[in-house]
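Please work through the exercises below with the sequence and the coordinates open beside you, and try each task before reading its solution.

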Amino acid sequence: MTQEMQFKKIVAQYCETAAEDITDDMRFREDLGFSSLGFMSFLGELEDTFDVELDEEDALQVVTISEAFELLKKLQQES
């Protein structure tokens, strides 16, 4: 499984959209229906799964799937 698909499978756990149907331009709140609590839980799971530490301020700037995945890749390169 690619890292991107693993990422999308985590996203899919917090919404009613299948991982295969999640596109890069989808927005967490508007398109996928994430609540604030759901988004924070999602971020925690990303940290645990990919062994990264998200800066809360950076994470709160994330709107789309591609922005979140790019942030994840950046954090992995830095660690």
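Predicted model: local features only at pLDDT ≥ 70, side-chain atom pairs only at ≥ 80, totals over all residues.

**Exercise 1. Overall fold**

Determine which secondary structure elements the chain has, and decide how its radius of gyration stands against that of a compact globule.

*Solution.* Start with the secondary structure: the chain holds four helices and zero strands, which, read along the sequence, gives the pattern α-α-α-α. Next, take the dimensions, where the C-alpha trace spans about 30 × 30 × 20 Å along its principal axes. For 79 residues, a compact globule would have a radius of gyration near 12 Å, and the value of 11 Å found for the chain therefore agrees with that expectation. Finally, consider burial: 38% of the 79 residues count as buried.

**Exercise 2. Salt bridges**

Find how many salt bridges the structure holds, and work out which parts of the chain the pair K8 and D24 ties together.

*Solution.* The structure holds four salt bridges. In the one between K8 and D24, the closest N and O atoms are 3.7 Å apart, which lies within the 4 Å cut-off for such a pair. Because K8 lies in helix 1 (residues 3-13) and D24 in the loop between helix 1 and helix 2 (36-50), this pair ties together parts that are 16 residues apart in sequence.

Then turn to E70 and K73, whose closest N and O atoms are 3.2 Å apart in their salt bridge. These residues are three apart in helix 4 (residues 65-78), so about one helical turn separates them. Both count as partly exposed, E70 at 45% relative accessibility and K73 at 30%.

A further salt bridge joins R27 to D31, with the closest N and O atoms 3.2 Å apart; R27 is partly exposed at 34%, and D31 is partly exposed at 37%.

**Exercise 3. The negative patch**

Identify which residues form the negative surface patch, and state which helix gives the most to it.

*Solution.* The patch is formed by E53, D55, E56, E57, D58 and E78. Helix 3 (residues 56-60) gives the most, contributing three residues.

How values were computed. Residues numbered from 1 in each chain as written. Heavy atoms only, no water. Patch = residues over 30% accessible without salt bridge, like charges linked within 9 Å, V, L, I, M, F, W, Y side chains within 5 Å. Areas by Shrake-Rupley, 256 points an atom, 1.4 Å probe, with all protein chains shown as cover. Salt bridge = Lys/Arg side-chain N within 4 Å of Asp/Glu carboxyl O. Lys, Arg positive; Asp, Glu negative; His and termini not counted. Charge placed at Lys NZ, Arg CZ, Asp CG, Glu CD. Helix = DSSP H or I, 4+ residues; strand = E, 2+ residues; numbered from the N terminus. Rg over C-alpha atoms; globule rule 2.2 N^0.38 Å. Buried < 20%, exposed > 50% of the residue type's maximum accessible area, 1.4 Å probe, protein only.
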